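Subject: Structure handover

Hello,

Please find the structure below. My notes on part of the chain follow it.

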Amino acid sequence: MTGEQVYVSHAPGDLDLVQDLFSTVKNFPFGVHIALEEIESGRSRKRLEGRLANSDLVVAVLTEDGAGNRWIEQEIGYAVAKGIPVLPLYDEGTGPHGYISDVEGVAIDRSDLTVTIFNLLCRLRGALAPLGALSVPNWYIRFPCTVPDCGHPVTLELEQGQTKLWKLHSHGKLLTAACASCESTYYFNPATIGFISRADGEETQSSARSRS
């Protein structure tokens with residue numbers, strides 16, 4: 001799972017929602033191209049055809065604002081014509097229709113976006129790394145250590161399946177990744193893979209001593 005490309009088709013009014021849903025998804029080692037962000041970077045929507053053509057998956061955000069949006073309809077039609085899988089991400093009452101009426105999507109729970117992000121990650125793991133029912137796609141995020149004067153690369157490897165990650169979340173457990181250079185520890189939400197906090201090396205060592 002490296003180098004894949006995901007294109008997110010959405011209405012202008014849904015940009016904030018889309019950015020919230022994909023904020024942690026964008027930390028994984030594949031490209032996430034959000035339509036309006038691409039436009040703001042100087043491209044016109046018509047010029048996004050290249051992004052679509054090179055995508056491994058198109059996420060269509062179907063909300064009240066997006067219902068009937070001509071660009072979303074055109075981008076879905078283009079993806080279907082090119083054989084690119086489309087994942088609907090929808091509000092209740094605005095679910096998949098037309099070309100993708102029989103495609104199972106992800107419902108948006110606006111009262112708890114954690115659930116939505118978790119379900120979105122479930123589908124992305126299945127779509128981008130389909131290794132079989134008994135295999136666990138090894139996903140990861142890599143980032144430079146944020147301790148001043150360190151900057152050593154830190155990797156959070158996700159060897160757990162989504163069911164295990166949700167159980168950890170339900171029990172208030174966090175995922176951890178450690179910096180091999182300064183021994184700082186980073187903590188993440190298992191459901192969303194969102195960053196929670198950092199304990200510097202001395203704090204980590206002190207905590208370990210107190211538990212021993």
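Predicted model: local features only at pLDDT ≥ 70, side-chain atom pairs only at ≥ 80, totals over all residues.

Two strands count as paired if DSSP finds at least two bridges between them.

Together they make an open sheet of three strands in the order S8-S9-S10. S8 and S10 are the edge strands, each pairing on one side only. On average, neighbouring strands in this sheet are turned by 20 degrees against each other, if direction is ignored.

As background, strands of a sheet pair through backbone hydrogen bonds, and the pairing is either parallel or antiparallel.

Which residue does Tyr187 have as its bridge partner in S10? The partner is Ser197. The next pair to look up is Phe188, whose bridge partner in S10 is Phe195.

The turns

S8 and S9 form a hairpin with six residues between the strands, and Glu183 there has a positive phi near 65 degrees. The hairpin of S9 and S10 also has six residues between its strands. In that turn, Ile193 takes a positive phi of about 60 degrees.

The helix

Helix H6 covers residues 162-170, and its buried residues are Gln162, Leu165 and Leu168. Why do the buried residues of H6 line one face of the helix? Seen down the axis of H6, they fall within an arc of 120 degrees, so they share one face. The general rule is that an α-helix has 3.6 residues a turn, so residues three or four places apart point the same way.

On the other side of H6, Thr163 and Lys167 are exposed. Just after H6 comes Gly172, with a positive phi of about 70 degrees.

Regards

Note on methods. Residues numbered from 1 in each chain as written. Heavy atoms only, no water. Helix = DSSP H or I, 4+ residues; strand = E, 2+ residues; numbered from the N terminus. Buried < 20%, exposed > 50% of the residue type's maximum accessible area, 1.4 Å probe, protein only. Arc of directions from axis to C-beta. Axes fitted to C-alpha atoms, helices over the stretch in contact; angles between N-to-C directions.
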